[in-house]
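Thanks for coming, everyone. Let me put the model up, and then we'll go through it piece by piece.

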Amino acid sequence: MAAPAPTAIDPRRALAEPLRWQWGETVFWLALLLPFVLAPTYLALASQIAIAALFALSLDLILGYAGVISLGHAAFFGIGAYFAALLAQRWGWQEPFSGLVLSGVAAAVVGYLASFLIVRVSRLALLMVTLGLGVLLGEAANHLTSITGGNDGLHEIDVWPLLGRFTFDLYGRTAFLYTLGVLFLMFLGARRIVQSPFGLSLRGLRENAERMPSLGVPSRRRIRTIYTIAAFYAGVAGALLTQTTQSVALDVLSFQRSAEVLIMLVLGGTGRLYGGIVGAMLFLVARDQLATMNPQYWLFWIGALLIAVVLFVPGGIMGGVKALRARVGLRP
């Protein structure tokens, strides 16, 4: 008896399938609201986690999906943070939502210009170029004291209440809901991007950058586009930090911030979107608890945690969850 002919795969259905919202995702996002009820004293930390998660999400777009590693991604985070500060303090633009968009656009413009250099290098040269970009902007901000405030930074940055009603209070309630809401909307946008034909071409470039041009994919244009989008996401994250803390300092451009977001992404898992969110939660909660228990050596334990994840769960936390689901026969 002849074997049945294989069923043809409908490309539209194959692209639409990953975009279907799963019940587990609903549970995950609802669980993120629990600190508002169960831990109101930790809402300030929760808002910082949401900002870091958005920052990690921006890095995941270029590293996890396009294979472009960066050691200076804080450059775009810092541009967004300082631009939001200048908008509110120097130029009188204190409306928060439009301030987020404008700050993201400012970071995206710089990201677009930098992308022309990014696409010309790879491997070690790429690491050095991204690192140099971050150091360059950090030193520029340090010397332009009349604009950035130098080592003192910019403080007392006031923005209007959200929707004209909700002010940023000391308890962090408004900041938490604001940052979580922005994270959710930006996540939906990133989800649409990575599951589109454009996102699939990025994965092809990540896996085999030499072969994709022979298939008619404009590889450099694709990399420039996603690099610009990632810069926009990072700029919005930086602007959120400025608006919720009402201050900005040079550390937003530091190498340490670039290194920390890379650690978050490795902990959570690259190329999975949720990996950046989970990694940010794990890193910042661990840092908060370890710094309380052992202020002098908390970095030692963070390093041990990172090594353990890399050795025993190479795909990060989300990679481990996917492997576990596959082992028990659930849909990955």
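How many of the 21 residues of α4 are buried? The count is 18, so α4 is largely enclosed by the rest of the structure. Before I go on: this is a predicted model. Keep that in mind for every number here.

Stay with helix α4, which runs over residues 43-63. Check its length. At 1.5 Å a residue, 21 residues should span 30 Å.

Ser47 sits in α4. Is Ser47 buried or exposed? Its relative accessible area is 4%, and the cut-off for buried is under 20%, so Ser47 is buried. What does Ser47 touch, leaving out residues up to four places away in sequence? The contacts of Ser47 are Ala175, Phe176 and Thr179.

Next, the aromatics. A ring pair is described by the distance of the centres and the angle of the planes. The count for this model is 15 aromatic pairs. I'll show two.

Pair one is Phe28 with Tyr274. Centre to centre, the Phe28 and Tyr274 rings are at 5.1 Å, with 85° between the planes, and the pair is edge-to-face. Where do the partners sit? Phe28 is in helix α2, residues 23-31, and Tyr274 is in helix α13, residues 274-293. They are 246 residues apart, so this pair links distant parts of the chain. Tyr274 has a relative accessible area of 12%, and it is buried.

Pair two is Phe76 with Tyr227. Their ring centres are 5.6 Å apart and the planes are at 85°, so this pair is edge-to-face. Phe76 belongs to helix α5 and Tyr227 to helix α11. Burial here: Phe76 is buried at 0% relative accessible area. Tyr227 is at 1%, and counts as buried.

Back to Phe28 and Tyr274 for a moment. Which aromatic cluster are they in? Phe28 and Tyr274 form one cluster together with Trp29, Phe184 and Phe187.

The largest cavity has about 50 Å³ of space. Among the residues lining the largest cavity are Ala84, Leu87, Trp93, Glu95, Ile157 and Thr242. At least two lining residues come from each of α5 (74-89), α6 (96-118) and α11. Which element supplies the largest share? That is α5, with three residues. The cavity lining divides into seven nonpolar, four polar and one charged.

Over to you for discussion.

Notes
Residues numbered from 1 in each chain as written. Predicted model: local features only at pLDDT ≥ 70, side-chain atom pairs only at ≥ 80, totals over all residues. Heavy atoms only, no water. Helix = DSSP H or I, 4+ residues; strand = E, 2+ residues; numbered from the N terminus. Expected span 1.5 Å × (residues − 1). Buried < 20%, exposed > 50% of the residue type's maximum accessible area, 1.4 Å probe, protein only. Contact = heavy atoms within 4.5 Å. 1 Å grid on protein atoms, 1.4 Å probe; cavity = no way out; pocket = protein on both sides within 12 Å on 5 of 7 lines; lining within 4 Å. Points joined across faces, edges and corners; volume = space filled by probe spheres on them. Nonpolar A, V, L, I, M, F, W, Y, C, P; charged D, E, K, R; others polar. Phe/Tyr/Trp six-rings, centres within 6.5 Å; stacked < 30°, edge-to-face > 60°.
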